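The sequence and the structure are shown first.

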Amino acid sequence: MLLESLSAYGARDTVARLPDEVLHYAKRAVLDWLSALYPGTRISPCRELVAAHAEELGIGRSSLPGNGTTAFPATAAWINGSASHAPEFDDIFRDGAYHPGCPVIAAALAMAEHRGASGLELLNAVVVGYEISTRIAAAMQPSHYRYFHTTGTVGTLGAAAAAAALAAPGQADVMGHAIATSATMAAALQQAFRSDAMSKALHAGHAAAAGVRAGQGAAHGVTGVHDVLEGEVGFGAALAENVRWDSVLEGLGEQYNITRMTQKNHGCCGHTFAAIDAALALRDKGVQADRVRAIEVQGYRATLEVAGNPDPTTAFEARFSTQYVLAHAMRQGSVRLAAFEPEALNDEATRALMRKVTLIEDPQLTAGFPRMRAARVAIVTDDGMRHEQFAPYRKGDPEAPLSDAELNDKFDELAGPVLGAERARQLRAAVWKLESSHVSDLALANDRPIA
């Protein structure tokens, strides 16, 4: 069965000395996740979750970074996973339409701190969670994404694999039962994208927490159904069409998907990125926002369906509005945290430019989804000239990855205001040394917002 092969791989890589390149990319993933986590601790739903679980805090060993306290592993994973997904700066596995960092790293960190694990054990667990879940995610697309949010569904399986890797290193049976149990806990509906509710961020937190519970339970004898993935009424049958299960094991343990992640360069929905990149390229070529007569964006279907809100009124809605982020990018030159402050959201010139944006589905681009994330942008200026730019991929995609230096800058920009510049630099340096240090050296439970 498929799960037996996945579990054997997971047990092996949990205790293996992984290639230096793979460990390097695992550290990149951890740093990038922390970049998203810290600003997430200052917004909903983190504040509400901390209040809701106030009686559970301070009594476990798993940290709540940015909140200066601890909790038991599942609670920490629930809060940290949700917080890290909220700012929309988390990583992406493009082929699976999936954000693995939020569920997998939130679960792995909670379990690593609970167990007193080494940094190398944490990194191995992160790799195992990424490799198993990204392959399942890719096999289920594109049909799965029509109704389900992959981060909350498949992310549960990745979190369980990472948790099992730390709860019972090298034990394939525990890994298998953890993944199997987590599969029946997986849930996350696309409808959560369509409102200003906090549900979307909670998908990642639920996946992380359910994965932790599945991993801990399996380590103590809780069993799961071993054909839950490909069974006739199992995970694949219920949540997708024509699942390519035969592709899941291709290259497993030899070609590592963690080396092919997309790290976000913009603080919004990834379906808007190619359009932003194309618009910024035209801006760099001299197209001025105040001279724009019309903007036409040709994108794949999800750009319109998930990120096509023409009149966002909140920060959450604006992150899923191609019209808004494109207009803001043309005027300001970037889409970072400041783009979603009230002053920016209500800017009259940005609102006027938004009304000039038209979104059109390109069937060829839709056919290439999820592996292809492209957009064509055409801008007509007030002199009648038409300026066109095609973005075949996004800045931050494997074809144009953020460098280590750019990831450092991203971390400083996003975590620095929460931690202070000096602590941010110290933590960043500690992450880059994780393979030769201890998870406790990160001292994450001491970090609380400075403001």
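Helices (H or I, at least four residues) and strands (E, at least two) are DSSP runs, numbered from the N terminus. The model is a predicted one, in which local features need pLDDT of at least 70 and side-chain atom pairs count only at pLDDT 80 or more, while totals for chains, interfaces and linings use all residues. Residues are numbered from 1 along each chain as its sequence is written, and side-chain values use heavy atoms, with hydrogens and water left out.

## Annotated domains

The UniProt record, an unreviewed entry, places the feature "domain: MmgE/PrpD N-terminal" at residues 5-243. That span is 61% helix and 3% strand, and its end C-alpha atoms lie 17 Å apart. The feature "domain: MmgE/PrpD C-terminal" is placed by UniProt (unreviewed entry) at residues 266-435. Over residues 266-435 the chain is 45% helix and 15% strand, with 29 Å between the end C-alpha atoms. UniProt positions are given in the numbering used here, feature names are shortened, and annotations may be inferred rather than shown by experiment.

## Nonpolar cores

A nonpolar core is a set of buried Ala, Val, Leu, Ile, Met, Phe, Trp, Tyr and Cys residues joined through side-chain atoms within 4.5 Å. Buried means under 20% relative accessible area, exposed over 50%, and partly exposed in between (1.4 Å probe, protein chains only). The largest such core has 103 residues, of which Leu34, Ile132, Ile136, Leu229, Phe235, Ile258 and Leu427 touch the most other members. Helix α6 (residues 119-140) gives the most to this core, with 13 residues. Apart from this core lies another, of 34 residues, including Phe273, Leu282, Ala327 and Ala391.

Contact means heavy atoms within 4.5 Å. Leaving aside neighbours within four places in sequence, leucine 34 is in contact with Phe411, Leu427 and Val431.

## Helix α2 and its surroundings

Two packed helices are described by the angle between their axes and the distance between the axes. Here the axes are lines fitted to C-alpha atoms, for helices over the stretch in contact, and angles run from 0 to 180 degrees between N-to-C directions. The axes of helix α2 (residues 20-40) and helix α5 (residues 101-115) come within 10 Å and cross at roughly 100°. Helix α2 is therefore roughly perpendicular to α5, a term that covers angles of 65 to 115 degrees. On the α2 side, Ala29, Val30 and Trp33 meet Gly101, Cys102, Ile105, Ala106 and Leu109 of α5. The residues of this contact divide into seven nonpolar, one polar and no charged. In this division Ala, Val, Leu, Ile, Met, Phe, Trp, Tyr, Cys and Pro count as nonpolar, Asp, Glu, Lys and Arg as charged, and the others, Gly among them, as polar.

Valine 22 also lies in helix α2 and is buried, with a relative accessible area of 2%. Not counting residues up to four places away in sequence, valine 22 touches Val127, Tyr256 and Ile258. Valine 22 and asparagine 257 are 235 residues apart in sequence, yet 9.2 Å apart in space, C-alpha to C-alpha.

Serine 182 is found in helix α8 (residues 172-183). With 0% relative accessibility, serine 182 counts as buried. Beyond residues up to four places away in sequence, serine 182 touches Thr156, Leu157, Ala160 and Ala214.

Glutamine 288 lies in the loop between α11 (273-284) and β3 (292-299). Its relative accessible area is 43%, and glutamine 288 is partly exposed. Glutamine 288 and leucine 189 are 99 residues apart in sequence and 39 Å apart in space, C-alpha to C-alpha.

## Backbone geometry

Most residues other than glycine have a negative phi, and most peptide bonds are trans. The table lists exceptions.

| Site | Feature | Value |
|---|---|---|
| glutamine 141 and proline 142 | cis peptide bond | omega about 5° |
| phenylalanine 369 to proline 370 | cis peptide bond | omega near 5° |
| glutamate 88 | positive phi | phi near 65° |
| asparagine 242 | positive phi | phi about 55° |

Proline 142 is found in the loop between α6 and α7 (150-167), and proline 370 in the loop between α17 (363-367) and β5 (375-381). Glutamate 88 belongs to the loop between α4 (73-85) and α5 and is buried, at 3% relative accessible area. Asparagine 242, in the loop between α10 (235-239) and α11, counts as exposed at 71% relative accessibility.

Conventions
Angles under 35 degrees count as roughly parallel, over 145 as roughly antiparallel, 65 to 115 as roughly perpendicular and the rest as oblique.
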